[in-house]
Amino acid sequence: MTCSSSLRIAVLSCLLLMLSSCAEEVSEFGLVVNPAGAALNDDQLRSNEHALSGLEVAPGLEATLFASEPMIVNPTNMAIDDKGRVWVCEGINYRPQLNPQNPVREEPERIIILEDEDGDGVADKRTVFYEGTDINSALGIWVMGQQAIVSVSPNIFLLTDEDGDDVADKKEVLYTGIGGEQHDHGVHAFVFGPDGRFYFNVGNSSGQVLDADGNVVIDMTGRPVVTDGNPYRQGLVFRVNPDGSDFEVLGHNFRNNYEVAVDSYGTLWQSDNDDDGNQATRINFVMEFGNYGFRDEMTGANWRARRTGMHDEIPKRHWHLNDPGVVPNVLQTGAGSPTGMAIYEGDLLPAQFHGQMLHTDAGPNVLRSYPVKDDGAGYSAEIVNIMKGIYDQWFRPSDVAVAPDGSILVADWYDPGVGGHQVGDLEKGRIFRLAPPRANYDIPAFDYTTAEGAVDALNNPNLAARYHAWMALKEMGATAEPALLSNWNGEDPRARARALWLLGRMEGVSQGYVDQALSDPDPNIRITGLRLARQLKLELIPILEKLVNDPSPQVRREVAVALRLNNSPEAPSLWAELASQYDGNDRWYLEALGIGAEEQWDTFFAEWKKQNMENWDTPAAKNIVWRSRSSEAIPMLASLIKSPSTTEADRKRYFRAFDFHTNEEAKVKELDGILAMGNLDISVLAIEHLVGNTMGPDVQAEVYAILNQVEGTEAYLNIVERLELKDQEEQLYALAFAEDSDLAVRSAGLLVNLNGLEKFSDVIQNGSGEDAMQAINLLRGVNSGPVWEAVTALVMNPDTDLELRKYTLSQFGPGWNGERRILAMLEEGAFPNELKETAASIMYVSNNEGRRAKAAEYLDMPSLSGGEPLPPVQEMIAKDGDPARGQEVFAQRCSICHVVNGEGVDYGPALSEIGGKLSREAMYTSILYPSAGVGFGYEGYMLEMNDGTQAVGYVLSRNDDEIQLREAGGQTRTYETNQLKTLEKMDQSLMPALGSAMDEQQLIDLVSYLESLVSM
């Protein structure tokens, strides 16, 4: 066929595709409307016969069913080898202790190989590669020939098929000791990069990474890979050579960065999940060695913890985006449960997806792309949907991968819910294929024995083919150079980058190819050249001198990153030159400067200051001062705070920057000077940052003068709490009992913690009934050991009004700690007859099944509507409720712990968009069996102090000095760790089993209301 005839056919095909697309109706999600699902009931939609009917796909694409149950069940992760075979981890026995209603499959978990033998896009053959209980809930697989790297906390295994029968014969441990066993916040999949290295990540339950011998891995900087805040926190992403050498931590402080994807330039992309319900799911470009802000960098505090200048919007506050030292997000995608990610570098799919991320998000039932644009030194992106579960919301895409023919395959875990570690369906699972209509599954045959054949495979969009090609070409050495030059001298920039990674590793010519790359007109090739030079450990200073004034801010970003830990004499002046080109707006660039100055802030900043001292009153210079960790920046921060031209928002930013400096003496000096200004608002902020420092008499006098001026305000309480001022008893008492005081509970807590219970005991014993009940309500938010002793004495005192005793018991009884005490007293026969019913009724609505059962011994069980127990969940699912009535139920039963659209108590996960995340089945399960779905970060803990104080809640933050606990009612309390006696993790959810407190119709109405809570 001639070239011109091929071109005519291609053009004709495009025109036909465009015409067919024009005739398609597009839905609100930008996908082709699929009316087939509208006419089907749930049972029909759930069958694999109609698996496609509930889905919509992007124009120009067709979804087909590659495999489904019983061939595949519950796929958690997959990889496609260079033969087009799909390797899948099944996850069936997932957290059985939290899903007691589910049967446990007796057979071990499996890794299976699915193969389409006739090329029709449907799997015909199934082979069990490996099975065993040691891979229960495996969340990652990478395949290289007859070997597979399987990620399953606490281990990363290398499984090898030694005799070629597609069954593993050998198992080795690569890494171990990784937290997150039976948990999706543990270790995730390996992926092969264009540089010949492996990349992988771990979520924030990982804790550490140990080598095969059980030793803590030490990274290239000499730091242990441990998430203890020195310096690494929470989720991490890594790069390592195939032999385990040159282990690097490339980013930290993610929550649950599920899977890393690497493009041909060596750029890393990830998704990250938020604390459930906060609409903060995000997409990240991983600027190497950056901090991504899930926890406070210095203290490890939760994002909810109060801090100066924190963002008004929770989705941004969630990632500490207002803090210096946090890399920004490319995109925030709202509520979700993000899973697998890949980079599409093929050409079979429509052009808008070429070179872009492909990403599955199981929460909103969707596969997306995020076309990126250059944004200063970083990137911005938008959402483009590719496939979405419209009629069938059990579609839970868990992974996406690119096949050798350029099509993409999507794994569907298929379940009524996602997140919270629930499993509602153990029988289904699907693999879908997306390609242009009528495209066969034609897998090319690769020849890795010749350089030309290997280069052809290197250009394939399938990563397994690229792996084999890379290894073959690396082994060929200089003999592969002519074939690789066909790429290097070509027009496809990504193919050129792939060739460069190999050409640069050829002995004797490395520097020449790096030099060519650094002079290339394409900034992405210049970036690749610099990354290559770093990996080759070439002399960097001459390279950085060449690029320090590059016209591309993204290239200069990489220069800044390359300066990290570089102690050459030229490094400070290079950094200062980069800093002088900062425009004052580009946060990506500013954070790159921060990464480059790590551990060398004093010398780098001093050089910049020397060059800019006479002209540092500019937005750019002020932001560099804000970001700096040099001691020389501290007086400059103080100067900015004092300046009358500084806005209130900027002033708070500068105060917050003090928290990231460790030179306490310099900080005290400057904060004292700020106090001397006499500006009330500014002085209050200064006092808050003086906490922990010794104050002289003059400063103390200033503090009390300011305290008198802000009495009765939140600022007043902040000062009293932080400075532990015990002489404010009368003022705190008045504020606690003031009418309509939003600060009453906090004031009461401070009063008890600083001055004891005497004031409250007096009002309870001698005040009016109304005052006594108010005192009880206030003390309920305090929940300390002395309070419990006083409450018990009150309840058991027969001379006290009976109604007040019952009221007190009803207020203090619910919750783990109260129920434990009440049960013990019931079993001891301690309660008089007049209190037994009240005590037992509290136990009846406990979240603990054992306690609910015990209630029957002391209380006649109340009947539900019509005198019958709740019917099976499946019957209720089929019934529609009234959302308006359900909202009333929510206000009565749920708003004491959950927020919807700003209303309610911020204790458990926010539910503003829960209807877009959980199916109806999953909502019933969450309400009736809350312990089956404890959201990560909301696990309950029981705390006991040396003085007998006890508390229950979830941990917001913990460090060497204190632990912050979020307690019932949404109150946050701080306890000193040196006074901590025990801290025990609870095996039950903090959420009560609300189903036992409602009749059938109330429950149905409540679920209907929750279903209506979706993003607009």
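Is Ile 624 buried or exposed, and what is its relative accessible area? Ile 624 is buried, at a relative accessible area of 2%; here buried means under 20%, exposed over 50%, and partly exposed in between, using a 1.4 Å probe and protein chains only.

This is a predicted model, where local features need pLDDT of at least 70 and side-chain atom pairs count only at pLDDT 80 or more, while totals for chains, interfaces and linings use all residues. Residues are numbered from 1 along each chain as its sequence is written, and side-chain values use heavy atoms, with hydrogens and water left out. Helices (H or I, at least four residues) and strands (E, at least two) are DSSP runs, numbered from the N terminus.

**Around Ile 624**

- You'll find Ile 624 in helix α15, which covers residues 619–627.
- Setting aside residues up to four places away in sequence, Ile 624 touches Trp 575, Ala 579, Tyr 582, Leu 590, Phe 605 and Trp 608; a contact means heavy atoms within 4.5 Å.
- Gly 594 is 30 residues from Ile 624 in sequence, yet their C-alpha atoms are 8.7 Å apart in space.

- Helix α19 (residues 680–688) is largely enclosed by the rest of the structure, because 7 of its 9 residues are buried.
- Those buried residues are Ile 682, Ser 683, Val 684, Leu 685, Ala 686, Ile 687 and Glu 688.
- The cover over them includes α16 (633–642), α17 (648–658), α18 (664–675), α20 (697–709) and α21 (714–723).
- At the N-terminal end, Asn 679 caps α19, with a side-chain oxygen 3.2 Å from the backbone nitrogen of Asp 681.

**Where α6 meets α7**

- The axes of α6 (residues 481–488) and α7 (residues 493–503) come within 7 Å and cross at roughly 145 degrees. Axes are lines fitted to C-alpha atoms, for helices over the stretch in contact, and angles run from 0 to 180 degrees between N-to-C directions.
- On the α6 side, Glu 481, Leu 484, Leu 485, Asn 487 and Trp 488 take part, and they meet Ala 495, Arg 496, Ala 499, Leu 500, Leu 502 and Leu 503 of α7.
- Sorted by class, this contact has 8 nonpolar, 1 polar and 2 charged residues. Ala, Val, Leu, Ile, Met, Phe, Trp, Tyr, Cys and Pro count as nonpolar, Asp, Glu, Lys and Arg as charged, and the others, Gly among them, as polar.

- Strand β17 (residues 268–272) is largely enclosed by the rest of the structure, since 5 of its 5 residues are buried.
- Leu 268, Gln 270 and Asp 272 point one way from β17, while Trp 269 and Ser 271 point the other way.
- β17 runs antiparallel to β16 (residues 261–262), with 2 bridges joining them; two strands pair if DSSP finds at least two bridges between them.
- Ala 261 has Trp 269 as its bridge partner in β17.
- The hairpin of β16 and β17 has 5 residues between the strands, and Gly 266 in the turn has a positive phi of about 85 degrees.
- β17 is also joined to β18 (residues 281–285), again antiparallel, by 4 bridges; in that strand, Phe 285 is the bridge partner of Trp 269.

- β9 (residues 155–160) and β10 (residues 170–176) run antiparallel, joined by 5 bridges.
- Phe 157 is placed opposite Val 173 in β10.
- β10 pairs with β13 (residues 210–211) too, in the antiparallel sense over 2 bridges, and Tyr 175 stands opposite Asp 211 in β13.

**Ser 552 in its loop**

- Ser 552 sits in the loop between α10 (540–547) and α11 (553–562).
- Ser 552 counts as buried because its relative accessibility is 10%.
- Leaving out residues up to four places away in sequence, Ser 552 touches Pro 523 and Arg 526.

Technical notes:
Polar contact = N/O pair within 3.5 Å; in protein donor to acceptor, adjacent residues only side chain to side chain.
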